[in-house]
Amino acid sequence: MGRSTPFYACQSCGAQSRQFFGRCPGCGSWNSLVEQSSPAADGRRRRATPAPPVDGAAPRGRRSEPIHSVGERPLRRLATGFPELDRVLGGGLVPGSLVLVGGDPGIGKSTLLLQSARALADSCSVLYVSAEESAQQVKLRWRRLGPEQGAEPASEQDGLQLLAETDLELVLQELEALRPAVAIIDSIQALHDAELSSAPGSVSQVRDCAAALQRLAKRQDTALLLVGHVTKEGMLAGPKVLEHLVDAVLTFEGDRFASHRLLRAVKNRFGPTHELGVFEMRDRGLAEVTNPSELFLGGEGPCAGTATIVACEGTRPLLVDLQALVSTTSYASPRRTATGIGINRLHQILAVLEKHLGLPLSRFDCYLAVAGGLDVEEPAADLGVAAAVVASYRDLTLPAGTVLVGELGLGGQIRPVGQLELRLQEAARLGFTRAVVPRSSGLAPVAAALGLELLEAAGVAEALVAALGVDPAAD
Ligand code: TYD
Ligand code: MG
């Protein structure tokens, strides 16, 4: 493609074409193609120099080596000052790694990273690049996040360097001059490469800036934390473009009206994914929530239409309250809304209950909500949803201290779920005494040792009779 030929790049998936399409042929999104200058502009220039061979191990002319002779270095980890963040990262920040922290604007990404920078700077050198806020603003926030004024003399943190800059070239120069152990770029969308004609935040800019930063950071073993905003559609800008480039993708989410925030690893080359960290936004920054189950239990005790499940987020079991409201519909087709659970799952569970318990739920509206704004994606929540719905429909209260765990098959069977033992332990730890679980769990001895009454069920009717103590299908 010649330099003068215009081409179009999708702002969602990065696909390129010579022709303009209203709908991207790559990912199918509408109106996402934007005219760019030559595609060669992306790949050419300065940073094309190959990295020097590591340890000089390979003889001249050969770049591969037998795998057994590859030197192994123990993976070091840097503590970020937040054990919750360390856990989500898989045990701390790996030097030389590239981590993308995504989330809605205003959720607390800058706060999280500035607090971590503060803690990291006690043991290593940190460069905080603020491309969105002025140095003054960051300083003010840094003060706010530190110890109370007057509590101790303002400590001189020489380990933490601040750069308010949006030009990629200058950021790269600073990184090269300082060679910090950790660099934080807040945010990648606000950086721009003057050599590209596209606007800051566009896919080619984001990809180019991230790739240039990554090359330099890997070369000098700097751990890079990139802040990425989530677009209106709920995706990290240029998601496909950045996600394969980085070593880990963390998402920071939460209800802006509630104070707690959830940090999740959706990709992690150095640790497990789906690990969950829970934080609370206070007036002096983020604080860790060490006992998050308490956050997701409604706290008002048993009431009609409430059921407690044990969700598992990564290796962390969480007790979560579900609430259902079932009421006679006044619409031609009944209303169904679900907060924190997929609406299709709710439809499916309602259909199973209608078919296998003979409940006329299609004549009722059904609202379902997960307490604490958590999103429960696991099918292990199905049985809890079914119990909450039936309890509300029958105006029944589940006996206190009951948890339910199980996936619901379309045939009304209760399917086994993973990590059941871990879930039972958490339930017992929080004082629950009865657990309704799938048949043949093999966990009777464990439950007995935990002081839990284990109610195993093969089908949904049996499970609900066990949970509620009455037959919900009987008139
Ligand atoms: P911020 O970190 O700027 O969000 P992001 O970088 O993800 O856009 O967080 C901004 C919000 O957090 C803002 O609404 C104010 C609130 N906040 C507190 O409640 N307490 C604090 O100590 C700080 C620094 C911010
Ligand atoms: Mg910010």
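Mentor: Some terms before the questions: a residue is buried at under 20% relative accessible area, exposed at over 50%, and partly exposed in between, using a 1.4 Å probe and protein chains only. This is a predicted model, in which local features need pLDDT of at least 70, side-chain atom pairs count only at pLDDT 80 or more, and totals for chains, interfaces and linings use all residues. Residues are numbered from 1 along each chain as its sequence is written, and side-chain values use heavy atoms, with hydrogens and water left out.

Trainee: Why is C312 called buried?

Mentor: C312 has 8% relative accessibility, and the cut-off is under 20%, so C312 counts as buried.

Trainee: What makes C124 buried?

Mentor: Its relative accessible area is 15%, so C124 also falls under the 20% limit.

Trainee: How many disulfides are there?

Mentor: A disulfide is a pair of cysteine sulfur atoms within 2.5 Å. By this rule the count is zero.

Trainee: How do you know that the span of α6 agrees with its number of residues?

Mentor: Helices are DSSP runs of H or I with at least four residues, strands are runs of E with at least two, and both are numbered from the N terminus. The expected span is 1.5 Å times one less than the number of residues. For the 17 residues of α6 (residues 203-219) that gives 24 Å, and the end C-alpha atoms are 24 Å apart, so the two agree.

Trainee: Why is α6 called largely enclosed?

Mentor: Because 13 of its 17 residues are buried. After α6 comes D221, with a positive phi near 60 degrees.

Trainee: What makes α5 roughly parallel to α6?

Mentor: Axes are lines fitted to C-alpha atoms, for helices over the stretch in contact, and angles run from 0 to 180 degrees between N-to-C directions. Helix α5 (residues 168-178) packs on α6 at about 10 degrees, with the axes 11 Å apart. Angles under 35 degrees count as roughly parallel, over 145 as roughly antiparallel, 65 to 115 as roughly perpendicular and the rest as oblique, so α5 is roughly parallel to α6.

Trainee: Which residues of α5 and α6 meet?

Mentor: Contact means heavy atoms within 4.5 Å. L168, V171, L172, L175 and E176 in α5 meet D208, C209, A212, L213, L216 and R219 in α6.

Trainee: Why is S392 called buried?

Mentor: Its relative accessible area is 12%, so S392 is within the buried class. S392 lies in helix α10 (residues 382-394) and touches G305, A324, L325 and V326, leaving aside residues up to four places away in sequence.

Notes
Chains are lettered from A and ligands numbered from 1 in the order in which they are written.
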